[in-house]
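Please open the model in your viewer and keep the sequence panel beside it. The tour below moves from one selection to the next and says what is found at each stop.

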Amino acid sequence: VTEGGARRDRELDPSTTKRAPGPREDRTEVLEAGATQGVLWIGAYLLAVIAPLAIAVLIATPPGRGFWTEFSAGLGFAGLSMLMLQFVITSRFRRVAAPFGIDIVLQFHRQISFVAAALLLAHVLILFITRPETIQLLNVFEAPWRARFAVLSMIALVVLLVASVWRKEIHFRYEPWRLTHAALAVLVLAFGLAHVIGVGHYLELAWKQGLWILFTAAAVAALVYIRIIKPISLLHESYEVEAVREERGKAWTVRLRPVGHTGFRFTPGQFGWLTLIHSPFSIREHPFSFTSSAEDHDGVEVTIKELGDFTSTVGRVPPGQRAYLDGPHGVFTPDRHEAPGYVFVAGGIGITPIMSILRTLADRGDERPLQLIYSVSSLDEMTFREEIETLGTRLNLDLVVVPRKPPDDWTGPSGYVDKALLDRVLPEDRDRRFFFICGPQPLMESAESSLLDLGIPLGHTVMERFNLV
Amino acid sequence: MRYRRMVRVVVGIGLAILLVAASFALLEAR
């Protein structure tokens, strides 16, 4: 498996880890390879958390200080290691993301941060409870620097967590939030390191201090890579906006053409991080699915829905505008999930990756049976409506449009995509097909559990979600 | 489902770390 060889490393997806009666006999191996990769990465994560703790505690050990103090120190070390690993997790290394999907990796980043924060909180509380005299260290005016650093680190961590968990509620815009998030993360880590070295119990020896400084530097280097080095390397491979066209449902398709290079190949359903800078059209590194055919090698298209934020200005982006595209990313692609047929469930603008899949399959002359269940607010708002109807003549496609507000003479299904609707419209060979679901969170959750209830194997369902903060 | 599986992994990692930290502390405290 080669890095970036997304077209070839289809054996890496754990969403297919369940043994399924697939069409190909090599599927068992494929599934097990995916599961093994996933388990290996989880093991590596645990090891990376525990190893620094083990080195601090087990080698050249200072005299013990009683169970609770030692336990508290252990939790502190583990919490700090986890915070360092947070930098690595979000570095979008394709090899790490491949078995899980980058969305799950980012969700993991979010969830595991609560565990790290809980460990660090426990670290402090255990000390306060078992050695009440340590509470005095909270008095930052008189406390020694090692304690001040601890307080500063914890404050930065709390602010970081609050700003991330309630970003929308406190109306913190995404762009400044991202900058703040990175800056606070570096502060939490730097103050944490200063605290650990200041306390010095386990890090009295110079080489142990050096090791922790090295760990911290590696974490920050990961951040520097993704925020500075990667963007600079993208500068050499820029794109320009070739055309912008309006789509149904307040969406705009932006066609990008590589400038002075050949661009990259992607598999249908993948996405890239788009940056459109200068002028008021400031989009910095937002994930967008490619909507064009993967067989179209002259350029790449993304379709962006106006959502009232930075996306509202997309329609006014002029041709010739410089753009940067980091990709391809993602495992939401039938090229990784070989099956005798597919069912796509799209909700609203969630049609974008599926549109790329349909266009690509049409260009490839694919004859497998396909079904598209497309939930839209109304037929007027149905993005790509005309083209999807045309694609029906080039593909073996069964189109099921589900408008929430159907016209008066509508005879097809309407309302929400629920279990009853799916049971009614899904094809006979449903248990052999693979399902790709993309749309708003409620639709994805409802579709996923409905399919499971209808006896579709879990490994046959593929989803990616981006609603992170 | 993938999401729930991921949450289980997160909980598992948290418990494993607690266990390791407690064992180290026991070892140290002796």
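Begin by selecting H5 of chain A, which has 21 residues and reaches 30 Å from its first C-alpha to its last, close to the 30 Å expected at 1.5 Å a residue; the expected span of a helix is taken as 1.5 Å times one less than its number of residues. Helices here (H or I, at least four residues) and strands (E, at least two) are DSSP runs, numbered from the N terminus. This is a predicted model, in which local features need pLDDT of at least 70 and side-chain atom pairs count only at pLDDT 80 or more, while totals for chains, interfaces and linings use all residues. Residues are numbered from 1 along each chain as its sequence is written, chains are lettered from A and ligands numbered from 1 in the order in which they are written, and side-chain values use heavy atoms, with hydrogens and water left out.

With H5(A) still selected, colour its buried residues, among them A:Ala147, A:Val151, A:Leu157, A:Leu160 and A:Ser164. Buried means under 20% relative accessible area, exposed means over 50%, and partly exposed lies in between (1.4 Å probe, protein chains only). Which helices do the buried residues of H5(A) pack against? They pack against H2, H4 and H6 (174–199) of chain A.

Axes are lines fitted to C-alpha atoms, for helices over the stretch in contact, and angles run from 0 to 180 degrees between N-to-C directions.

Next, select H6(A), whose 26 residues should span 38 Å at 1.5 Å a residue, and whose end C-alpha atoms are 37 Å apart, which agrees. Its buried residues include A:Glu175, A:Trp177, A:Arg178, A:Gly192 and A:His195. Just after H6(A), A:Gly200 takes a positive phi of about 70°.

The contact involves residues including A:Phe77, A:Met84 and A:Phe87 of H2(A), and A:Trp212, A:Phe215 and A:Ala219 of H7(A). By class, the contact of H2(A) with H7(A) has eleven nonpolar, two polar and no charged residues.

From there, find A:Ala48, which lies in H1 (residues 27–58) of chain A. Is A:Ala48 buried or partly exposed? A:Ala48 is partly exposed, with a relative accessible area of 30%. Leaving aside its neighbours within four places in sequence, A:Ala48 is in contact with A:Ser81 and A:Leu85, and its C-alpha atom is separated by 9.4 Å from that of A:Ala78, 30 residues apart along the chain.

Continue to H8(A) and H9 (residues 385–394) of chain A, whose axes come within 10 Å and cross at roughly 30°, and which are therefore roughly parallel to each other. Among the residues that meet here are A:Ile351, A:Arg359 and A:Asp363 in H8(A) and A:Glu387, A:Leu391 and A:Arg394 in H9(A). This contact of H8(A) with H9(A) divides into six nonpolar, no polar and four charged residues. Then pick A:Gly365, in the loop between H8 (351–363) and strand E8 (370–376) of chain A; A:Gly365 is partly exposed, with a relative accessible area of 46%. A:Gly365 and A:Arg394 are 29 residues apart in sequence and 7.6 Å apart in space, C-alpha to C-alpha.

Finally, zoom out to the whole chains. Chain A has eleven helices and eleven strands, and 52% of its 469 residues count as buried. Chain B has one helix and zero strands, and its C-alpha trace spans about 45 × 5 × 5 Å along its principal axes.

How values were computed
Contact means heavy atoms within 4.5 Å. Ala, Val, Leu, Ile, Met, Phe, Trp, Tyr, Cys and Pro count as nonpolar, Asp, Glu, Lys and Arg as charged, and the others, Gly among them, as polar. Angles under 35 degrees count as roughly parallel, over 145 as roughly antiparallel, 65 to 115 as roughly perpendicular and the rest as oblique.
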